[in-house]
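Here is a short briefing on one protein model. Look at the fold first, then read the points below.

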Amino acid sequence: MTIRVLLADDQALLRSAFRVLVDSEPDMEVVGEASDGAEAVRLAKEKRADVVLMDIRMPGTDGLAATRLISADPTLAHVRVVILTTFEVDDYVVRSLRAGASGFLGKGSEPDELLNAIRVAAGGEALLSPAATKGLIARFLAQPDDSDDGEGGAAARSVRLATLTGREREVLVQVAAGHSNDEIAERLEVSPLTVKTHVNRAMAKLGARDRAQLVVFAYESGLVRPRVD
């Protein structure tokens with residue numbers, strides 16, 4: 001299956017470089033280019049994109065707003081957004097994760113890292129490494145969300161958290177730490193298929209689009225707290 005990639009960046013030179021790189025791979029192709037967020041949302045629908053490489057800072061509708069629009073559209077439930085940023089971790093990136101992005105990648109990343117990120121996102125995995133989830137991103141996620149409705153939001157998360165079984169909570173903690181299914185299986189001494197089943201059930205119960213949203217929920221609910229080294 002060929003991964004359909006949409007490029008959203010206001011710099012034409014960067015889009016051209018990304019296009020050459022992506023189109024050089026046999027399992028993916030660039031199906032469109034957008035110079036702002038509004039165009040990215042439109043093309044995601046028209047071109048039936050699987051993954052959107054989204055610049056976070058664009059004129060007009062920015063990457064954050066575009067990510068939120070894509071995540072809120074049921075017809076685009078299959079679309080995965082990877083945020084491209086010159087800042088590895090900042091508040092804007094975390095707000096993008098809250099808006100529905102599957103992860104983020106620095107624009108200074110190596111070509112192989114970018115291609116791997118596309119494949120990981122297309123497979124429904126989260127682009128959040130253990131190093132990232134143990135660092136600044138965890139501290140940001142643990143802070144109150146300005147768009148949240150305060151105690152009501154916290155209460156709703158507690159209710160949803162209570163629907164998880166003990167094993168599902170255990171797996172969620174591991175997902176929030178940035179571990180893959182294989183790594184979680186080894187840690188919990190179960191099969192990867194069993195882990196996948198627990199992850200899928202947790203996503204269904206919590207209304208999460210993908211693993212990145214599980215990470216966000218784990219921190220915002222207080223199930224996982226950031227490490228202070």
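At 6% relative accessibility, does Leu64 count as buried or exposed? Leu64 counts as buried, where buried means under 20% relative accessible area, exposed over 50% and partly exposed in between, with a 1.4 Å probe and protein chains only.

This is a predicted model, in which local features need pLDDT of at least 70, side-chain atom pairs count only at pLDDT 80 or more, and totals for chains, interfaces and linings use all residues. Residues are numbered from 1 along each chain as its sequence is written, and side-chain values use heavy atoms, with hydrogens and water left out.

**Overall chain**
- The protein chain has 12 helices and five strands; these are DSSP runs numbered from the N terminus, helices being H or I of at least four residues and strands E of at least two.
- Of its 229 residues, 48% count as buried.
- Take the contacts (heavy atoms within 4.5 Å) between residues at least 6 apart in sequence: 69% of them join residues at least 24 apart.
- The accessible surface comes to about 10,800 Å², and 52% of that belongs to carbon and sulfur atoms; the areas come from the Shrake-Rupley method with a 1.4 Å probe.

**Helix 3 and helix 4**
- Helix 3 (residues 63-72) packs against helix 4 (residues 91-99) at an angle of about 10 degrees, with the axes 8 Å apart.
- The two helices are therefore roughly parallel to each other, a label for angles under 35 degrees.
- Helix 3 contributes Leu64, Thr67, Arg68 and Ser71 to the contact, and helix 4 contributes Tyr92, Arg95, Ser96 and Ala99.
- These contact residues divide into three nonpolar, three polar and two charged. Ala, Val, Leu, Ile, Met, Phe, Trp, Tyr, Cys and Pro count as nonpolar, Asp, Glu, Lys and Arg as charged, and the others, Gly among them, as polar.

**Leu64**
- Leu64 lies in helix 3.
- Not counting residues up to four places away in sequence, Leu64 touches Ile56, Tyr92, Arg95, Ser96 and Ala99.
- Leu64 and Met54 are 10 residues apart in sequence and 8.9 Å apart in space, C-alpha to C-alpha.

**Asp55**
- An unreviewed UniProt entry annotates Asp55 as "modified residue: 4-aspartylphosphate"; such annotations may be inferred rather than shown by experiment.
- Asp55 lies in strand 3 (residues 51-55) and is buried, with a relative accessible area of 5%.
- Beyond four places in sequence, Asp55 touches Ala8, Asp9, Asp10, Gly63, Leu84 and Lys107.

**His198**
- His198 lies in helix 11 (residues 192-206) and is buried, with a relative accessible area of 14%.
- Beyond four places in sequence, His198 touches Arg167, Glu168 and Val171.

Methods. Axes fitted to C-alpha atoms, helices over the stretch in contact; angles between N-to-C directions. Parallel < 35°, antiparallel > 145°, perpendicular 65-115°, else oblique.
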